Amino acid sequence: MTEWTTLLPIKILVTGGNGQVAHDLVLLGKQDNHFKMIPLNASELDVRSVVSIQHALDLYMPDYVINTAAFNKVDAAEHELERCFSLNRDGVRNLAIECGALSIPLIHLSTDHLFDGHYASGYVEDDDASPLGVFGESKRQGEEFLRQYHPKHIILRVSWIFSARGDNYLLRTLEKARSSTEIEAADDRQGCPTSAADVGRVILAIIKQLHNGAEAWGTYHYCGAEVTTRYRFTEAVLAAAGQYEALKTTSLLPVPSRALHIEVERPASSVLKCKKLLSTFGIRQRPWRSELMAVLRQIYQQK
Ligand SMILES: NC(=O)c1ccc[n+]([C@@H]2O[C@H](COP(=O)([O-])OP(=O)(O)OC[C@H]3O[C@@H](n4cnc5c(N)ncnc54)[C@H](OP(=O)(O)O)[C@@H]3O)[C@@H](O)[C@H]2O)c1
């Protein structure tokens with residue numbers, strides 16, 4: 001059998017190259033000489049434009065495309081329907097058709113927001129989608145187009161992403177903790193926080209196996225290990241960040257989600273079961289607590 005490590009680096013084009021998952025994914029890929037990473041930001045590859053996609057595919061001729069481009073503002077999506085659907089549905093359709101025409105495998109990121117969150121024990125890949133809002137519905141329709149137009153795809157649904165950059169719950173919590181004495185966090189929403197770098201690790205591990213001939217196209221779930229609540233996650237963030245700086249917050253209050261006046265209801269359970277990923281690719285969940293410590297180290301080293 002040919003040792004795959006002796007082959008040319010695998011060329012991976014990443015859409016939404018300025019995003020938080022893209023950043024950490026590309027960083028990881030660049031540290032591994034099996035990969036040549038090609039991150040393209042929205043002005044270099046606009047997923048809403050077929051011409052833009054065709055141009056990038058012709059220019060770079062990637063072996064794989066990873067789509068991290070998305071409209072992720074769950075509340076704003078209710079008012080910015082056109083923008084939301086143009087990225088999360090039409091952008092995925094465009095990529096599916098263009099990558100499909102060239103038989104370039106497409107790895108696409110999706111979300112726990114496809115589910116209504118009523119299964120406290122968590123969701124498997126085949127559970128029915130029933131999104132609570134426009135954002136989840138747009139991601140659901142994007143997935144459907146991908147299945148329809150391009151058989152060589154991986155849909156990786158992830159949840160509760162945190163990283164040292166971008167717009168995420170961890171960074172918002174740190175901001176609040178520097179300015180408020182009291183923080184409220186929902187204790188009726190459970191899920192599994194997942195670092196952007198960990199998502200990057202999983203995607204690259206999948207690609208290595210696909211490149212070695214694994215015909216394992218389809219939909220998978222991934223999230224960090226250990227189910228928690230927003231309240232418990234906030235508690236862990238404050239405890240760990242408090243080792244690096246004196247935070248203003250002295251009181252953390254558990255509250256029901258409805259007390260937070262969020263416009264769109266979030267799934268009560270965002271727990272994604274990851275057994276299919278383990279049994280197909282042998283990829284295990286990493287504990288989010290150790291990932292949190294690594295991300296905080298990055299944040300405080302940047303300061
Ligand atoms: N964040 C989470 O908690 C979470 C949870 C579950 C699933 N996911 C999914 O994981 C994926 C990555 O999420 P993320 O948090 O890394 O997203 P992100 O940080 O919001 O990045 C999305 C990127 O898409 C880019 N973009 C916007 N319009 C574009 C266009 N027309 N063409 C190409 N790119 C465009 C944005 O560029 P600009 O910055 O220039 O606008 C941004 O860099 C998404 O599919 C998301 O739905 C995220």
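This is a predicted model: local features need pLDDT of at least 70, side-chain atom pairs count only at pLDDT 80 or more; totals for chains, interfaces and linings use all residues.
Q: What does the record say about residues 11–299?
A: An unreviewed UniProt entry annotates them as "domain: RmlD-like substrate binding". In the model, this stretch is 41% helix and 17% strand, and its end C-alpha atoms lie 30 Å apart.

Q: How should I read the largest nonpolar core, and which residues have the most contacts inside it?
A: In soluble globular proteins, nonpolar side chains tend to be buried together. Here the largest such core has 31 residues, and I12, L156, I203, I206, I207, L277 and F281 have the most contacts inside it. At least two residues each come from β1 (10–15), α1 (20–30), β2 (35–39), β3 (64–67), β4 (106–111), β5 (153–158), α6 (196–211) and α8 (275–281). The element that gives the most is α6, with eight residues. There is also a second, separate core of 27 residues, with I38, L95, V134 and V264 among them.

Q: Which residues is L156 in contact with, beyond its neighbours within four places in sequence?
A: L156 contacts H108, L109 and S110, then V199, V202, I203 and I206, and also Y220, H221, Y222 and L277.

Q: Which residues of α1 are buried, and what covers them?
A: An α-helix has 3.6 residues a turn, so residues three or four places apart point the same way. In α1 the buried residues are Q20, V21, A22, D24, L25, V26 and G29. Their cover includes the strands β1, β2, β3, β4 and β6 (161–162), together with the helix α6.

Q: Where is E245 found, and what does its side chain make a polar contact with?
A: E245 sits in the loop between α7 (230–241) and β12 (251–255). The E245 side chain makes a polar contact of 2.9 Å with the side chain of R178. Leaving out residues up to four places away in sequence, E245 touches R178 and Y300.

Q: Which residues around the ligand come nearest?
A: There are 22 residues around the ligand, and the nearest are Q20, V21, D46, N72 and K139. Backbone atoms take part as well: a backbone N or O atom of V21 is 2.9 Å from a ligand oxygen atom, and one of I161 is 3.1 Å from a ligand oxygen atom. For V47, a polar backbone atom lies 3.0 Å from a ligand nitrogen atom. On its own the ligand has 900 Å² of accessible area, and the protein covers 80% of that.

Q: Which elements supply at least two residues of the shell around the ligand?
A: They are α1, α3 (81–102) and β4. The largest share, three residues, comes from β4.

Terms used. Residues are numbered from 1 along each chain as its sequence is written. Side-chain values use heavy atoms; hydrogens and water are left out. A nonpolar core is a set of buried Ala, Val, Leu, Ile, Met, Phe, Trp, Tyr and Cys residues joined through side-chain atoms within 4.5 Å. Buried means under 20% relative accessible area, exposed over 50%, partly exposed in between (1.4 Å probe, protein chains only). Helices (H or I, at least four residues) and strands (E, at least two) are DSSP runs, numbered from the N terminus. Contact means heavy atoms within 4.5 Å. UniProt positions are given in the numbering used here, feature names are shortened, and annotations may be inferred rather than shown by experiment. A polar contact is a pair of N or O atoms within 3.5 Å; within protein, one must be able to donate a hydrogen and the other to accept it, and residues adjacent in sequence count only if both atoms are side-chain atoms. A residue is near a molecule or strand if one of its heavy atoms lies within 4 Å of it. Accessible areas come from the Shrake-Rupley method with a 1.4 Å probe; for residues, only the protein chains shown count as cover.
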